[in-house]
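Please open the structure in your viewer and keep the selection tool at hand.

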Amino acid sequence: MSVLIKGARLYGEGDPVDVLVTDGLIAEIGASIEAPDDAEVIEAAGQVLLPGFVDLHTHLREPGREDAETIESGSAAAALGGYTAVFAMANTDPVADNAVVVEHVWRRGRETGLVDVHPVGAVTVGLKGEKLAELGTMAKSAAGVRMFSDDGHCVADPLIMRRALEYSTALNAVVAQHAEEPRLTVGAQAHEGRIASRLGYAGWPASAEESIVARDCLLAQHAGAKLHICHVSTAGTADVLRWAKNRHGSGFISAEVTPHHLLLTDERLSTYDPVNKVNPPLRTGADAARLRAALAEGVIDCVATDHAPHPVQDKDCEWAAAKPGMLGLQTALSVVTETMVRTGLLDWRGVARVLSERPAEIAGLPDHGRPLVTGEPANLTLVDPDAEWTVRGAELASIAANTPYEGMRLPGVVTLTLLRGRITAREGKIG
Ligand SMILES: NC(=O)N[C@@H](CC(=O)O)C(=O)O
Ligand SMILES: [Zn+2]
Ligand SMILES: [Zn+2]
């Protein structure tokens, strides 16, 4: 079976070309390729071909919260969003802190077959922050875990974090930190600042994030380890990262920003709608502007969704009782188009870097985020850069519907996703 993509521009650059995909690989790229008899032909005039997206930060909720998302529904959302690989966070129930759970997630991902699902292993047993999980056993399992995180919780104890970093070097793994000093965020509900004061919410200060990022960059350097910072949300964190990368090198320190922290601000909180509740909280417009600039510059390496589905009863309630988190997989490309491409901060080559190449590198995936040349694996995403769509939570593939972009009109539509040459999503439909 082959697929012939006709008339797309690679990275949105140069003249339109035809791309023939056969046996899971890019077989030929040329000005005009004749379709083989068995080929599925995709008319792609005006569209941009990119390497398939890689999400370093997804919550698929299986096992344990299948009323919010399953590996199957989350994989569908990923494929429709243009993703060919996702990293499934460990804060499931039971926690992915052992080989049995990570192998289950990995196997269910394979069976579903819509996106490569890589389980993230917990750093500590039960995400409790007290005792290191069996990182080595998870690394050696069939799931081949190479990213560890207690995401949802900070590895707050500096000695535990130090040991995790040290162990991870022997496993050639990366530790991804949810940077939140818990003593500074007790009871916190919103970004500490003008809006939180006005609404009467306990504040989540920027320094709760920045102090952990600074600490962990120093610990990572000392251990010679790879550290990844999850969901960077403040201008100050960008400053710390710039300093740390200069000192330690960007091969060791990496960071992601979420689409929602690029686009949304705490101005939205005045409606008291918990759809806007997320951890770390939406920050100020000045923070969002600095995050966009840091992403364009490479101080922040990549965009990760922090796709966090929650069932209606956990979101449709009073603010303080609501769970933090928002959907992200199917809206990421559009939010990046809106905030980074339409503003001139990134071209499509830059989008390939932040949504595909850098995340694949950080996680050590050999067959994603590869150049668009003959012989490479056909993990590909086709984007219509000029099309727009209106987000409707109920129409997204996730079981949960907690999108903060409800009713928003956004630019950039994923029209085709190929995983190893197989069509996983096409024109908004699976397969
Ligand atoms: N981001 C969130 O607000 N929530 C995440 C946890 C996390 O990423 O910290 C979740 O699991 O729901
Ligand atoms: Zn987190
Ligand atoms: Zn998360």
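The stops below lead from an annotated domain to individual residues and then to a ligand shell. Please bear in mind that the model is predicted.

**The annotated domain.** Begin by selecting residues 46-234, which an unreviewed UniProt entry annotates as "domain: Dihydroorotase catalytic". This span is 35% helix and 19% strand, and its end C-alpha atoms lie 36 Å apart.

**The annotated binding site.** Next, select His57, His59, Asp151 and Asp306, where the unreviewed UniProt entry places the feature "binding site". These residues are spread over 250 residues of sequence, yet they cluster in space, with a largest C-alpha distance of 9.8 Å.

**Histidine 57.** Now centre on His57, located in strand β6, residues 53-58. His57 is buried because 28 other C-beta atoms lie within 10 Å, the cut-off being 20 or more. Leaving aside residues up to four places away in sequence, the contacts of His57 include Phe87, Met89, His231, Glu256 and Asp306.

**Histidine 59.** Move on to His59, found in the loop between β6 and α1 (71-80). His59 also counts as buried, since 27 C-beta neighbours lie inside 10 Å. With residues up to four places away in sequence excluded, His59 touches Met89, Asn91, His307, Ala308, Pro309 and Gly325.

**Ligand 1.** Finally, select ligand 1 and display its surroundings. Which residues surround ligand 1? Among them are His59, Asn91, Asp151, His178, Asn279, Asp306 and Lys323. By class, the shell comprises 3 nonpolar, 6 polar and 3 charged residues.

Technical notes: Residues are numbered from 1 along each chain as its sequence is written. Chains are lettered from A and ligands numbered from 1 in the order in which they are written. This is a predicted model: local features need pLDDT of at least 70, side-chain atom pairs count only at pLDDT 80 or more; totals for chains, interfaces and linings use all residues. A residue is near a molecule or strand if its C-beta atom, placed from the backbone, lies within 6 Å of it. Ala, Val, Leu, Ile, Met, Phe, Trp, Tyr, Cys and Pro count as nonpolar, Asp, Glu, Lys and Arg as charged, and the others, Gly among them, as polar. UniProt positions are given in the numbering used here, feature names are shortened, and annotations may be inferred rather than shown by experiment. Helices (H or I, at least four residues) and strands (E, at least two) are DSSP runs, numbered from the N terminus. A residue is buried if 20 or more other C-beta atoms lie within 10 Å of its own, exposed if 12 or fewer, and partly exposed in between; C-beta atoms are placed from the backbone. Two residues are in contact if their C-beta atoms, placed from the backbone, lie within 7 Å.
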